[in-house]
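Please look at the structure below and keep the sequence beside it. The paragraphs after it go from one place in the chain to another.

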Amino acid sequence: MKATSLHTSTNSAHSSTHASPPPFDFEPLGRVIFAPGALAQLGAAVQSVGGTRVLLVTDPGLEHVGHPQRALKIMREAGLEVFLFDGVKENPTEREVDAGVVFARAHKVDCIVAVGGGSSMDCAKGINFILTNGGRMIDYKGHGKATKPMLPSVGVPTTAGTGSEAQSYALITDERSHLKMACGDKKAAFRVSILDPELTLSQPRSVTAVTGIDAVAHAIESYVCTKRNPVSAMCARAAFNHLEPNFETALRSPQDLAARSAMQIGSHLAGMAIENAMLGVCHSCANPLTAHYGITHGVAIGVMLPHVIRFNAPAAGHLYAELVAERGLTNGQPAAEVLAARVSQLTAAAGLPQSLKECGVSDTILQLLAEEANQQWTARFNPRPVTEADILRVYQAAW
């Protein structure tokens with residue numbers, strides 16, 4: 001009955017009962033282990049991909065909660081030699097990647113393990129590219145540019161946000177332009193992802209907020225972008241169904257393991273959706289804000305997303321209607337407005353800024369931001385075609 005009412009609530013021209021599915025080529029990336037306490041399986045996971053000398057890539061900020069030390073202990077108890085590289089910074093650049101490559105070469109590693117948030121995972125993938133294939137990160141911008149085999153790797157996310165463990169892309173910041181380069185190759189994907197929601201219990205509220213809203217944006221953007229297909233849509237929809245009802249609970253009751261589990265699975269599913277569908281102009285708009293103002297990625301995403309949803313309404317309103325109907329959010333208003341308002345409600349609950357002005361962004365820079373956002377790769381996959389002038393209007397609406 002639910003499916004019937006859903007289809008009747010949308011334009012029949014867009015109904016899946018009347019349209020043939022588009023062609024797609026789906027290649028699952030790797031094994032996924034989910035369980036509270038699953039970190040204990042890390043040693044066995046590394047052995048399953050043939051690792052003996054492990055580069056452990058992590059961020060120094062995690063050491064106070066003990067996750068890297070526990071990972072190190074588990075792997076050493078499994079008889080593995082482990083070498084800790086904790087030189088990861090937020091939005092890693094080639095500098096951090098190159099430092100990791102020098103360290104990895106010196107220790108003759110044959111496997112890489114990333115423990116941390118998206119930055120640790122991106123840096124680990126970046127190290128894998130250069131260690132095995134040489135050159136510079138810019139050589140791998142785009143997809144499928146690595147010609148030689150890469151080391152097996154294992155990803156252990158400690159946040160529920162980026163879904164990087166479910167993707168073959170490394171996002172590495174170009175130090176000169178401060179813009180993020182998306183460098184993707186199936187060989188760079190983690191062979192095993194370990195999802196242990198207990199690791200996310202230690203996240204500060206601010207990290208839960210910014211990573212959570214990023215995951216919500218991944219689900220919404222990948223659900224509507226032009227590269228979407230039935231597999232990506234299934235993942236994005238399931239991601240939204242996990243994330244939307246649990247985000248506020250995870251903020252309000254940070255020790256609620258059920259909510260944390262749902263957020264982590266939702267984040268991973270949204271990462272799978274991105275891998276198979278890409279993102280849209282919200283992420284294009286967020287990156288220049290981080291580059292110019294140092295605004296945390298999730299904060300920028302949270303400010304921009306409601307305005308991007310409204311902009312996309314003429315092209316994606318029928319898809320937004322599917323998301324809001326499934327979550328029972330329909331209230332008689334246009335679906336895009338309902339969804340945009342719900343996102344604003346989530347960011348407000350998280351205490352995140354509601355406007356660019358609140359973030360300290362000057363209205364005099366909006367034209368430059370629009371120019372840079374229009375050059376971002378993800379803008380090309382937006383459901384409604386965008387020009388620089390369109391992006392400027394979206395920034396102005398968010399200001």
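Predicted model: local features only at pLDDT ≥ 70, side-chain atom pairs only at ≥ 80, totals over all residues.

The mean pLDDT of the protein is 93, and 95% of its residues reach 70 or more. Residues 1-16 have a pLDDT below 50, and in the model this stretch has 13 contacts beyond its near neighbours in sequence.

Begin with a strand. Phenylalanine 85 belongs to strand β3, which covers residues 81-85. Phenylalanine 85 counts as buried because its relative accessible area is 8%, and the cut-off for buried is under 20%. What does phenylalanine 85 touch, leaving aside neighbours within four places in sequence? The contacts include Leu55, Leu56, Val57 and Thr58, and also Glu96, Ala99, Gly100 and Phe103. Cys123 and Ile127 are in contact with phenylalanine 85 as well. Leucine 195 is 110 residues away from phenylalanine 85 along the chain, and their C-alpha atoms are separated by 21 Å.

Alanine 38 sits in the loop between β1 (31-34) and α2 (42-48). Is alanine 38 buried or exposed? With a relative accessible area of 1%, alanine 38 is buried. Apart from neighbours within four places in sequence, alanine 38 is in contact with Ile33, Ile194, Leu195 and Asp196. Methionine 137 is 99 residues from alanine 38 along the chain, and 32 Å separates the two C-alpha atoms.

Another loop, between β8 (180-184) and β9 (192-195), holds lysine 186. Lysine 186 is partly exposed, with a relative accessible area of 30%. Not counting residues up to four places away in sequence, lysine 186 touches Glu27, Leu29, His143, Ser168 and Glu275. With glutamate 275 there is also a polar contact of 3.4 Å between the two side chains. Proline 28 and lysine 186 are 158 residues apart in sequence, but their C-alpha atoms are 9.7 Å apart in space.

Now turn to the backbone. Most residues other than glycine have a negative phi. Lysine 108 has a positive phi, near 50°. Lysine 108 is in the loop between α4 (94-106) and β4 (111-116), and is exposed, with a relative accessible area of 64%. Methionine 278 also has a positive phi, near 75°. Methionine 278 is in the loop between α9 and α10. Methionine 278 is buried, with a relative accessible area of 8%.

An α-helix has 3.6 residues a turn, so residues three or four places apart point the same way. Asparagine 374 is in contact with Ala379, Arg380, Val386, Thr387, Glu388 and Ile391, leaving aside neighbours within four places in sequence. Glycine 271 is 103 residues from asparagine 374 in sequence and 23 Å away in space, C-alpha to C-alpha.

In the loop between α13 and α14 is glutamine 376. Glutamine 376 is buried, with a relative accessible area of 7%. Which residues does glutamine 376 touch, not counting those up to four places away in sequence? They are Leu179, Ser284 and Asn287. The side chains of glutamine 376 and asparagine 287 are joined by a polar contact of 2.7 Å.

Technical notes
Residues numbered from 1 in each chain as written. Heavy atoms only, no water. Helix = DSSP H or I, 4+ residues; strand = E, 2+ residues; numbered from the N terminus. Buried < 20%, exposed > 50% of the residue type's maximum accessible area, 1.4 Å probe, protein only. Polar contact = N/O pair within 3.5 Å; in protein donor to acceptor, adjacent residues only side chain to side chain. Contact = heavy atoms within 4.5 Å. pLDDT = per-residue confidence, 0-100.
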